[in-house]
Amino acid sequence: MTGGDAGGRLVRPFTLTGGRTRPSRADFTLITTVTAVDPQPARAARPQPEHLRILRLCARPVAVAEIAARLDLPVSVVVILLSDLLEAGRVTARAPHPVSRATDDLDLLQKVRDGLGRL
């Protein structure tokens, strides 16, 4: 698997991650929302080019899956890079909010059953 940059050359994913195959954290799913911290921390080390690309994409909240798609990189590679940025204090990660509660679902199902019973 490879990702291409604007110059058209190919970069192997293990090169982007420094040979790492697993993220250092388990904070990210496909629908985790990531946002760049503004202003960026001054104490953090200078980010690599791929980190900078991610930070630009994350100026507004964006899902992990969308970042991977826009960068044309495997999600596993993007998650490793995002873990680096999270540890450096350069991004925040938010888990998705649940859409509904189980009790609401149960109430709705009971109303549907009752309505169907009246037919």
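The protein chain exposes about 8300 Å², and carbon and sulfur atoms supply 56% of that area; accessible areas here come from the Shrake-Rupley method with a 1.4 Å probe, and for residues only the protein chains shown count as cover. The model is a predicted one, in which local features need pLDDT of at least 70 and side-chain atom pairs count only at pLDDT 80 or more, while totals for chains, interfaces and linings use all residues. Residues are numbered from 1 along each chain as its sequence is written, and side-chain values use heavy atoms, with hydrogens and water left out.

**Exercise 1. Find the pattern that the protein chain follows along the sequence.**

Step 1. Start with the elements: helices (H or I, at least four residues) and strands (E, at least two) are DSSP runs, numbered from the N terminus. The protein chain has five helices and five strands.

Step 2. Now read along the sequence: the pattern is β-β-α-β-α-β-α-α-β-α.

Step 3. Turn to burial. Buried means under 20% relative accessible area, exposed over 50%, and partly exposed in between (1.4 Å probe, protein chains only). Of the 119 residues, 30% count as buried.

**Exercise 2. Work out where the buried residues of helix 3 sit, and what they pack against.**

Step 1. List them: in helix 3 (residues 64-71), Val 64, Ile 67, Ala 68 and Leu 71 are buried. They cover an arc of only 95° around the axis, so they are on the same side of helix 3; the arc is that of the directions from the helix axis to the C-beta atoms.

Step 2. Look at the other side of helix 3, where Ala 69 and Arg 70 are exposed.

Step 3. Check the neighbours. The buried residues of helix 3 pack against strand 3 (33-36), helix 2 (49-57), strand 4 (62-63) and helix 4, where contact means heavy atoms within 4.5 Å.

**Exercise 3. Find the salt bridges and say how exposed their residues are.**

Step 1. Take helix 2. Arg 53 and Glu 50 meet in a salt bridge at 3.2 Å, N to O. They are three residues apart in helix 2, which means about one helical turn separates them. Arg 53 is partly exposed at 25% relative accessible area, whereas Glu 50 is buried at 14%.

Step 2. Go back to helix 3. Glu 66 and Arg 70 meet at 2.7 Å, N to O, and being four residues apart, they too are separated by about one helical turn. Glu 66 counts as partly exposed, at 34%. An α-helix has 3.6 residues a turn, so residues three or four places apart point the same way.

Step 3. Finish with Asp 114 and Arg 113, whose closest N and O atoms are 3.5 Å apart. Asp 114 is partly exposed at 37%, and Arg 113 is exposed at 55%.

**Exercise 4. Decide how Arg 90 is placed: buried or exposed?**

Step 1. Locate Arg 90 in the loop between helix 4 (75-87) and strand 5 (91-94).

Step 2. Arg 90 is buried yet has no salt bridge. The nearest side chain of opposite charge, Asp 38, is 10 Å away; Lys and Arg count as positive and Asp and Glu as negative, while His and the chain ends are not counted.

Step 3. Look at its contacts: not counting residues up to four places away in sequence, Arg 90 touches residues including Thr 35, Gln 40, Leu 55 and Leu 85.

Terms used. A salt bridge is a side-chain nitrogen of Lys or Arg within 4 Å of a carboxyl oxygen of Asp or Glu.
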